[in-house]
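Please examine the model below with attention to its open space and to the packing of its helices.

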Amino acid sequence: FGGRAVPASDSYSLGATLIYLVTGSHPADLLGDDMVIEFEESVNLSDEFINWLKWMTQISLKKRPISAAVALEELESPTIVESKLVAAKPKGSKVELRKEKDELEILIPPKGLTLSIVISYFVLFLPTIFITWVVCGLFYEAITSTTFIDAAGYIVCIILSLPFLSVMLNIWRKIIFTLFGYTCLLINQNKIQWRYKIFGLKCFKSPPISTSEIYKLEVFDRTIDNNYKQQQKHLVKLVIVTAIDSYELTNFASNKGKFWQFKIQSPIFTLSEIDWLAQELSDFLNLPITRDTVSIKHR
């Protein structure tokens, strides 16, 4: 169409020819309004082969296989999976997506109060008040002491209590972020980065990584069956892979840090939110979605 041929043009030609063979209709008669060949409703093929044909006939050159070897590898060992949902925000989702031409931002709201959070924070509240009260008392005695020896003793006690104060401060920082903090994943032409906000103010952020380092968008899908307990867990993780680090969106709690360490726990998404965001990220980054699916059975 553009008047210049590249290897990806041959991918389109092969895909269109195969669509002609499996439908019996000329590809020009199957073009939709967006110039995409719409053939899947007219054939009885496996989902993997349909996805492969759609990959071969993508309008954008960047979304097609770059060589015959890459196309053959995907045909023999399928990894590309298209979202079964339209790229629309799931009903009831509180996740916000801001998408512009050159920038995408995923905004995850705070968890808010839950019964477990209320109980755990109430238990921590009492020792926090006690330690703070003790330190304030020591400080008052130090500044009102009539002798240098007594003041020095109180100051030593305050210094020894500083590690406890540091732990309590981290706990309260985590409490405040859990109740009021927003987690943001920002991707633009230059960088990808986690950002954290409280009351609209940026409190801290992760080191940025160049967007050019992103090379893979993968969904890890694990179904774990425990026959003994008659339980099944469906664990899904969407990973943006870069040459330096990875960024994960998951449906389960993955933070193994201690509670008194101020580490932000990964936001928890629903399965429909992961499908939605995977499709949005795929479109924005011009990357196919690959899937690593494993079923694990425990007897």
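Predicted model: local features only at pLDDT ≥ 70, side-chain atom pairs only at ≥ 80, totals over all residues.

## The largest pocket

The largest pocket holds about 600 Å³ of space. Its lining is made up of 22 residues. Lying nearest the centre of the pocket are Trp55, Val70, Tyr215, Leu287 and Pro288.

Two elements give two or more residues to this lining: α3 (68-76) and β7 (214-226). The largest share, four residues, is supplied by β7. By residue class, the lining of the largest pocket has eleven nonpolar, five polar and six charged residues.

## Packing of α2 and α3

Two packed helices are described by the angle between their axes and the distance between the axes. For helix α2 (residues 47-56) and α3, the axes come within 10 Å and cross at roughly 165°. Angles over 145 degrees count as roughly antiparallel, and α2 and α3 are therefore roughly antiparallel to each other. The crossing in which α2 passes α3 is right-handed.

## Residues between the helices

On the α2 side of the contact are Phe49, Trp52, Trp55 and Met56. They meet Val70, Ala71, Glu74 and Leu75 in α3. The residues of this contact divide into seven nonpolar and one charged, with no polar residue.

Conventions
Residues numbered from 1 in each chain as written. Heavy atoms only, no water. 1 Å grid on protein atoms, 1.4 Å probe; cavity = no way out; pocket = protein on both sides within 12 Å on 5 of 7 lines; lining within 4 Å. Points joined across faces, edges and corners; volume = space filled by probe spheres on them. Nonpolar A, V, L, I, M, F, W, Y, C, P; charged D, E, K, R; others polar. Axes fitted to C-alpha atoms, helices over the stretch in contact; angles between N-to-C directions. Parallel < 35°, antiparallel > 145°, perpendicular 65-115°, else oblique. Left-handed = near helix turned anticlockwise from the far one by under 90°. Contact = heavy atoms within 4.5 Å.
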